Amino acid sequence: MDRLSLYLTLLSGSFITGAIVIAGFSLGYYTVWTIVIGAVAGFLLAWPTSYMISQRIKRQDPEWTPEADPDEQPAIPRPNAPEV
C-alpha cells in the first residue's frame with residue numbers, strides 16, 4: 001500500500017484543478033464550465049499523478065528499502081499490505 005500517494009492526492013488534485021481554472025480564466029472563459037472541467041480533470045488525474053510522484057520520490061531516496069515489489073501489487077492495495 002502506497003500511503004505517501006494518499007497524502008499527495010489532495011495536493012495534486014487541488015494543483016491540477018487550480019491550474020486548469022486559472023488557465024481558463026486567463027484565456028477569457030469566465031463560465032461555470034471552466035470550473036467544472038477543472039474539477040473533473042483534477043478529480044480524475046489526482047491519484048495517478050500522486051502515485052507517479054510517490055514512486056519517483058521513493059526511487060530517488062537512497063534510504064528507502066521497499067518491503068514488496070511495486071509491480072507485484074494489485075491495482076487496489078489491501079489495507080494490511082506492506083508499504084511499497
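The questions below go from the whole chain to single residues.

Visitor: What kind of model is this, and how are residues numbered?

Guide: Local features in this predicted model need pLDDT of at least 70, side-chain atom pairs count only at pLDDT 80 or more, and totals for chains, interfaces and linings use all residues. Side-chain values use heavy atoms, with hydrogens and water left out, and residues are numbered along each chain as its sequence is written, from 1.

Visitor: How many helices and strands does the protein chain have?

Guide: Helices (H or I, at least four residues) and strands (E, at least two) are DSSP runs, numbered from the N terminus. By that rule the protein chain has zero strands and two helices.

Visitor: What share of the residues in the protein chain is buried?

Guide: Buried means under 20% relative accessible area, exposed over 50%, and partly exposed in between, with a 1.4 Å probe and protein chains only. Of the 84 residues in the protein chain, the buried share is 26%.

Visitor: Is Ser-5 buried or exposed?

Guide: Ser-5 has its place in helix α1. Its relative accessible area is 1%, so Ser-5 is buried.

Visitor: Which residues does Ser-5 touch, not counting residues up to four places away in sequence?

Guide: Contact means heavy atoms within 4.5 Å. With residues up to four places away in sequence not counted, Ser-5 touches Trp-47, Ser-50, Tyr-51 and Ser-54.

Visitor: What is the relative accessibility of Ser-54?

Guide: Ser-54 belongs to helix α2 and touches Asp-2, Leu-4, Ser-5 and Leu-8, leaving aside residues up to four places away in sequence. Ser-54 counts as buried because its relative accessibility is 0%.

Visitor: Why is the pair of Trp-47 and Tyr-51 stacked?

Guide: Rings of Phe, Tyr and Trp (its six-membered ring) pair if their centres lie within 6.5 Å; planes under 30 degrees apart count as stacked, over 60 as edge-to-face and the rest as tilted. A search of the whole structure finds two aromatic pairs. For Trp-47 and Tyr-51, the ring centres are 5.1 Å apart and the planes are at 25 degrees, so the pair is stacked.

Visitor: How many residues apart are Trp-47 and Tyr-51 in helix α2?

Guide: Trp-47 is partly exposed at 37%, and Tyr-51 is partly exposed at 25%. They are separated by about one helical turn because their spacing in helix α2 is four residues.

Visitor: How far apart in space are Leu-6 and Trp-47, C-alpha to C-alpha?

Guide: Leu-6 lies in helix α1, residues 3–26. With 48% relative accessibility, Leu-6 counts as partly exposed. In sequence Leu-6 and Trp-47 are 41 residues apart, while in space their C-alpha to C-alpha distance is 7.6 Å.

Visitor: How far apart in space are Thr-17 and Gly-42, C-alpha to C-alpha?

Guide: Thr-17 is in helix α1 and is partly exposed, at 22% relative accessible area. Not counting residues up to four places away in sequence, Thr-17 touches Gly-38, Ala-39 and Gly-42. Thr-17 and Gly-42 are 25 residues apart in sequence, and their C-alpha to C-alpha distance in space is 4.6 Å.

Visitor: Is Ile-37 buried or exposed?

Guide: Ile-37 is found in helix α2, residues 32–60. At 53% relative accessibility, Ile-37 counts as exposed.
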